[in-house]
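Visitor: Hi, I'd like to talk through a structure with you. Could you put it on screen, and start with any term I'll need for helix packing?

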Amino acid sequence: MSAAWASIGPRLRRVALRQSYAFALLLLVVAVAINYYLQPTFFQPGILSGNLLLFVPLMLVAVGQTVVVIGGGIDLSLGAIVSMANVIFVSLMSQEASPSRILLALAAGFLAGILAGALNGFCVAVLRFQPIVTTFATSFIFAGLALYVLPEPGGVMPPGLVNFFYINPLGLPMVLWVVIILLLLWALLRSTRYGPYLYATGGRDLSAFVSGVPVSSVRFLSYCIAGLMAAAGALALALSTGTGNPIGGTDLMLQSIVAVVLGGTRLSGGQGGVAGSIIGVVILSLIQSIVSFSGAPSSWQTLINGLIVVAALAGPGLVALLGRRRRA
Amino acid sequence: MRVLRLNPIAIALILAVILFVVGGIVQPGFASYGQGMNILRLAAFLGIVAAGQTLVIISGGERIDLSVGAMITLGAILVFRFGDGQNDQALLALALALGVGLLIGAINGLGITVLGIPPLVMTLGMAGVIQGLILVITGGRIEGEAAPALTSLVSGSLIFGIPGVVLLWLLLGGVMWLVLQRTAYGRRLFAVGTNRVTAKLSGVRVPSVLVLTYALSGMLAALGGVVLLGYTEQVFLNLGDPYTLPSVAAVVIGGTLLAGGVGSYFGTMAGALVLTLLTSLLTALELPESARLMVYGATLLLLLSLYGRQKALRQ
């Protein structure tokens, strides 16, 4: 490992250490290679995109989480917002919902997501509560609302809408479209004044405030964006499962934080980007398929999965440590 | 408001009394001695787990330990399986559980200090690893038995109808006070939490303090799992999950700052009592689950508004 590392050359090493998601890219290549080795049909059309389609909800939530984290916060309520919006979508639609009914349901779900984000944003940015405990507290409110709307898993999404999720527009898989749209939206957001404001707020909010950045509004908006993305994730979840679940989003919250960190965004804020988090989600999906195709006994799979994730998280630190050793 | 900010422990205790009285008014029998003891017993589980969380949070830098829930389950399962209902074996199993907790906590600490993994994701990743370990140990089927001595310690009453686990909790409170206020480790922990750089410059070996802190957190979570087993007498694969984030909330309600350097375990004990009272009250009201969750969340938010606020930008 260290010999291979030394052979890369100091210049490339510096680049690798500076780029926030260079390590994530490296990890991605390794994960793809292992997947291809274990599963030679890996690159066949349909298999890869089919695997990834299941990770679209996480991808959308992770993008929302990234925006909050760059702004110097964290949102532990995103999973509960997903659950809440998910049951709103499903309970307002039915098997033969009319187009206007579908539009109403979509509007209601997305509005709920944005409002939930606004509540978080108000508490964190305006009232200046601690983000971790605040969003933990609000997660109970959203989880309670989800259970109120739909106490038991159930409901059916309109088949026409569900089928839309599985088509390949212009011959490209749906997952790719989601990624392209997310990257375009992110580029658009960064090109506005909001982009630099967000990074400045997350970097050092007091200096940003003194330099005239509307820190509170910027942070408030970051939570609203995360709520919106959670609602989008909820829609993807409803489409991929075809039904509603009042606790369906629970696992997404913590996974989204892991994906953000794997993608090279630091939890301290002011740095990172959405592209890295998308790569982080793809890595998580690849790790899962490596474990399930490795032939390991099923009772060992969770442990192996967990160990690989920790190893991936440790990667940049290990690299830095080895670099220091060599120089010393 | 100023007076309120001065002593969070007092606010938490007053809140606990108010909740208890309100419970007695809306639900006859809630404010009885027996029910009070039962609530104290439930609070003890959260309180013991939150002891480790208190140490981690005092160490500063918004460090929290998200692996405690999985660690509770692992601790309970180790004693359940290897103790297998025998009192003498259970003692060995207890030592095993505490040792494993110490080891896993230390690995958390090493990952955070040596490899620079953010504490939140390190402990989160570790929770995944522990869940994997649990599945490997049990193979999905959990066989074993809770030792009678453990059950009688937790459920039986020793003196004045006070359950043993509550006395254990009070003892832990005393030990925690000694550790935090009267040992070199305690002083170093507060120093690291107040300012990591000054602590380092004053000769504190910051990494060792942090590794020890996470190790203790792992051990105390495992201990929490063991006493919880004495109460439930059964284990589930997600036994400890509902304790992870409430342990953080109990610490914060007790006035320990997430920024670090300020805090006490007595505050955490009061916080654990408030949260447990709130949960018990909502259960006693027989509200539907959805309403219970919403009221719990809203109350938590209200508590944070009392003293969880950060400094204003405009000075």
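Guide: Happy to. A crossing is called left-handed if the near helix is turned anticlockwise from the far one by less than a right angle, and right-handed if clockwise. Please keep in mind that this is a predicted model.

Visitor: Good. Which way does α2(B) pass α13(B), then?

Guide: The crossing of α2(B) with α13(B) is left-handed. Helix α2 covers residues 8-26 of chain B and helix α13 covers residues 265-284, and their axes come within 9 Å and cross at roughly 20°. Angles under 35 degrees count as roughly parallel, and α2(B) and α13(B) are therefore roughly parallel to each other.

Visitor: What classes of residue make the contact of α2(B) with α13(B)?

Guide: It has 17 nonpolar and 3 polar residues, with no charged ones. On the α2(B) side, L13(B), L19(B) and F20(B) are among them, and α13(B) brings residues including F266(B), V274(B) and L281(B).

Visitor: And in chain A, at what angle do α3 and α15 pack?

Guide: About 25°, with the axes 9 Å apart; α3 is residues 22-38 of chain A and α15 is residues 274-293. By that angle cut-off, α3(A) and α15(A) are therefore roughly parallel to each other. The crossing of α3(A) past α15(A) is left-handed.

Visitor: Which residues meet there?

Guide: From α3(A), they include L25(A), L28(A), V32(A) and N35(A), and from α15(A), I279(A), I283(A), S289(A) and F293(A) are among them. By class, the contact of α3(A) with α15(A) has 15 nonpolar, 4 polar and no charged residues.

Visitor: Let's zoom out. How many helices and strands does chain A have?

Guide: Chain A has 16 helices and 0 strands. The radius of gyration of chain A is 21 Å, close to the 20 Å that the globule rule gives for 328 residues, so chain A is as compact as a globular protein of that length. Along its principal axes, the C-alpha trace of chain A spans about 65 × 55 × 40 Å.

Visitor: What share of chain A is buried?

Guide: Of its 328 residues, 50% count as buried. As for contacts in chain A with a separation of 6 or more, 79% are between residues 24 or more positions apart.

Visitor: Is α14(A) mostly covered or mostly open?

Guide: Mostly covered: 11 of the 13 residues of α14(A) are buried. L252(A), Q255(A), I257(A) and L262(A) are among them. Just after α14(A), G264(A) takes a positive phi of about 90°.

Visitor: New topic: how many residues of chains A and B are in contact with each other?

Guide: In chain A, 44 residues are in contact with 45 residues of chain B. On the chain A side, α8, α12, α14 and α16 each supply at least two residues. The largest share, 16 residues, comes from α16(A). By class, the side of chain A that touches chain B has 32 nonpolar, 10 polar and 2 charged residues.

Visitor: You mentioned a positive phi. Which residues other than glycine have one?

Guide: R128(A) is one of them, with phi near 60°, and E286(B) is another, with phi near 55°. For background, most residues other than glycine have a negative phi.

Conventions
Residues numbered from 1 in each chain as written. Chains lettered and ligands numbered in written order. Predicted model: local features only at pLDDT ≥ 70, side-chain atom pairs only at ≥ 80, totals over all residues. Contact = placed C-beta atoms within 7 Å. Helix = DSSP H or I, 4+ residues; strand = E, 2+ residues; numbered from the N terminus. Nonpolar A, V, L, I, M, F, W, Y, C, P; charged D, E, K, R; others polar. Buried ≥ 20, exposed ≤ 12 C-beta atoms within 10 Å, placed from the backbone. Rg over C-alpha atoms; globule rule 2.2 N^0.38 Å. Axes fitted to C-alpha atoms, helices over the stretch in contact; angles between N-to-C directions. Parallel < 35°, antiparallel > 145°, perpendicular 65-115°, else oblique.
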